[in-house]
Structure formats: structure tokens, C-alpha cells
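Please open the structure in your viewer and keep the selection tool at hand. The tour below moves from one site to the next and states what is to be found at each.

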Amino acid sequence: MASRGVTPGDGYGGYRAQLVETLRRKGIRDLAVLRAVAETPRHLFVPESVRHRAYEDSALPIGGGQTISQPFVQARYLEVLALTGREKALEVGTGSGYQTALLSQLAGTVFSVERLPHLAQQARQVLEATGCRNVTVLVGDGTLGWRAFAPYDAILVAAASPSVPAPLVEQLAEGGRLVIPLGDRQAQVLTLVQRTTRGVEQSAIGDVRFVPLIGEFGFRE
Ligand code: SAH
């Protein structure tokens with residue numbers, strides 16, 4: 001597991017501990033995921049206007065019409081990926097960079113693609129400031145994946161898509177796991193896609209609501 005430079009002693013530890021307790025109560029069991037939440041300063045990833053709500057278990061606006069997802073949903077994603085600390089992971093939809101930071105503690109290397117340059121730039125700065133060294137943030141259409149670093153052991157798509165973008169399945173390693181919200185713009189089902197020797201298998205995890213994945217293999221703008 002990658003270790004980060006900063007273990008925050010920032011006055012928010014009590015709030016983080018409460019958030020961890022909430023996630024545990026709602027059914028998150030993976031200790032590595034809970035530890036990542038306990039050690040990641042979510043308040044640094046949200047705009048100042050909503051900082052006082054950073055440790056509520058709710059989605060919050062991050063500007064540009066985008067949102068940082070609900071911690072419970074983010075934790076569920078990471079639990080479903082069942083990471084060991086060695087994986088090469090691809091994230092589509094960096095947003096605030098908070099989930100990227102969690103992922104960076106649970107995987108070996110993380111490549112994260114964001115469509116909006118200003119969000120990517122902001123996320124890079126916070127990730128750097130919080131000591132996430134094994135992360136590269138790229139600007140582009142993540143529905144195309146990122147071929148240069150493929151294949152990926154884990155792929156996390158943080159925006160809603162009508163179907164699984166074909167390039168992402170192609171770039172998933174055999175034995176790899178991909179999580180993506182599938183549905184229309186209003187409602188989706190978080191779905192686990194596994195690539196095995198027998199082919200590609202899908203299973204439903206639960207109902208979710210995400211902003212749309214906009215790109216060649218997602219929704220049109
Ligand atoms: N997990 C993020 C929340 C992401 S919200 C967090 O913790 O903050 C979804 C993000 O996906 C938005 O930032 C949006 O701009 C981005 N996005 C939408 N379509 C995309 C695409 N085709 N490629 C990359 N990013 C995309």
C-alpha cells in the first residue's frame with residue numbers, strides 16, 4: 001500500500017472519525033477503505049463555502065455544475081474494487097480529487113482523467129499538497145480510457161454512463177474490476193464489470209445518482 005506523506009493532525013480528526021463511524025454503520029466493512037477515509041482531509045478537497053459540511057455523508061457542489069460524491073458511495077466503490085495495494089488503477093472523473101486520494105492509498109499507481117481542465121488543475125494541487133505521490137491527473141475524454149498506461153487492474157468511473165465505454169473494457173486487465181454507474185441522466189445502478197477468462201461479467205451493486213459522463217462513449221453534451 002502506498003503511504004502518503006501527511007497524516008493530518010489538523011483539528012478535523014474528530015469529524016473524520018465520526019464519518020468513519022457513519023460509514024461503518026451503513027455497512028462499509030473493508031478496514032483499508034475506512035482507514036483511507038480516516039486519513040484523508042476531505043475538507044481540503046471542497047470549496048471553502050461548503051467546508052463546514054465536508055465531513056457530512058453527503059454529496060457537495062465543487063463548481064462547474066459538478067459534485068464531490070457522497071462518501072458512502074465512494075467507499076462502496078472502493079470496497080467493490082477489492083484492492084490489494086498493488087494495482088494500476090484508472091479513474092475517470094477526477095472532480096475534486098478526493099476519491100483519487102482515497103484510491104491512491106488503496107492501489108499502487110493511479111491515473112485519473114478529468115474532462116474539465118480547471119478541476120484537473122485544482123485536484124492536482126490538493127493531491128500534491130496532501131502528499132499523494134502515486135497519482136497522475138490527465139485532462140481528456142476519459143470514455144476513451146488512457147491507452148498509454150493500459151492495461152489497468154482496476155477502473156473506477158465516477159460519472160453516469162448509458163453503457164460501459166468499449167475502450168474501458170479493452171483496457172481492463174484480465175482479472176480486472178471496473179465499477180461504473182449505468183443508466184440514464186436521472187438515475188443509475190452502480191455496476192461491477194469483471195473481465196475473466198470466460199469473458200465479461202456484470203453485476204449490480206445498488207442505486208446511485210451521478211452527474212453525466214460526457215464524451216465519445218458516454219452522453220452527448
Ligand atoms: N469522484 C469525484 C466526483 C466526480 S463528479 C470527487 O471525489 O470529487 C464527476 C466528474 O466527472 C466531473 O468532474 C466531470 O467533469 C467528470 N467527467 C464527466 N465526463 C467525463 C469524461 N468523459 N472524462 C473525464 N471526466 C469526465
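Which residues line the largest cavity? To find them, select D30, A32, V33, L78, L83 and L106, which form the lining of the largest cavity. The model on the screen is a predicted one. The largest cavity has a volume of about 30 Å³, and the count of cavities of 30 Å³ or more comes to 1. By class, the lining of this cavity consists of 5 nonpolar residues and 1 charged residue, with no polar ones.

**The largest pocket**

Next, select Q66, G93, A158, A159 and V211. Of the 34 residues that line the largest pocket, these lie nearest its centre. The volume of the largest pocket is about 480 Å³. Now colour β2, α3, β3, α4 and β4, each of which supplies at least two residues of the lining of this pocket. The element that gives the most to the lining is β2, with 3 residues. Sorted by class, the lining of the largest pocket contains 16 nonpolar, 13 polar and 5 charged residues.

**The ligand**

Where does the ligand sit? It is found in the largest pocket. Select the ligand and display its surroundings: 27 residues surround it, and the closest are Q74, S96, E114, G142 and I214. This shell is made up of 12 nonpolar, 12 polar and 3 charged residues.

- Select S96: an N or O atom in the side chain of S96 is 2.6 Å from an oxygen atom of the ligand.
- Select Q99: a polar backbone atom of Q99 is 3.4 Å from an oxygen atom of the ligand.
- Select I214: a polar backbone atom of I214 is 2.8 Å from a nitrogen atom of the ligand.

Taken alone, the ligand exposes 580 Å², and the protein buries 100% of that area.

Which elements each supply at least two residues of the shell around the ligand? Highlight β2 (66–68), α4 (98–106) and β4 (109–114) to see them. The largest share of the shell comes from β2, which provides 3 residues.

**The second largest pocket**

Move on to the second largest pocket, which has a volume of about 160 Å³. Select its lining: L44, F45, V46, P47, I62, G95, S96, L119, Q122, A123, Q125 and V126. Helix α5 (residues 117–129) contributes the largest share of the lining of the second largest pocket, 5 residues. The lining divides into 8 nonpolar and 4 polar residues, with no charged ones.

**Two details of the backbone**

Most residues other than glycine have a negative phi, and most peptide bonds are trans. The last two stops may be viewed with this in mind.

Select A82, in the loop between α3 (71–81) and β3 (88–92). Is the phi of A82 positive or negative? The phi of A82 is near 50°, a positive value in a residue other than glycine.

Finally, select A150 and P151. P151 is found in the loop between β5 (135–139) and β6 (152–157). Is the peptide bond from A150 to P151 cis or trans? This bond is cis, with omega near 5°.

Conventions. Residues are numbered from 1 along each chain as its sequence is written. This is a predicted model: local features need pLDDT of at least 70, side-chain atom pairs count only at pLDDT 80 or more; totals for chains, interfaces and linings use all residues. Side-chain values use heavy atoms; hydrogens and water are left out. A residue is near a molecule or strand if one of its heavy atoms lies within 4 Å of it. A polar contact is a pair of N or O atoms within 3.5 Å; within protein, one must be able to donate a hydrogen and the other to accept it, and residues adjacent in sequence count only if both atoms are side-chain atoms. Accessible areas come from the Shrake-Rupley method with a 1.4 Å probe; for residues, only the protein chains shown count as cover. On a 1 Å grid over the protein atoms alone, a cavity is a set of points where a 1.4 Å probe fits but cannot get out, and a pocket is an open set with protein on both sides within 12 Å along at least five of seven lines; lining residues have an atom within 4 Å of a point. A molecule sits in a cavity or pocket if more than half of its atoms lie within 2 Å of its grid points. Helices (H or I, at least four residues) and strands (E, at least two) are DSSP runs, numbered from the N terminus. Ala, Val, Leu, Ile, Met, Phe, Trp, Tyr, Cys and Pro count as nonpolar, Asp, Glu, Lys and Arg as charged, and the others, Gly among them, as polar. Grid points are joined across faces, edges and corners, and a volume is the space filled by probe spheres set on the points.
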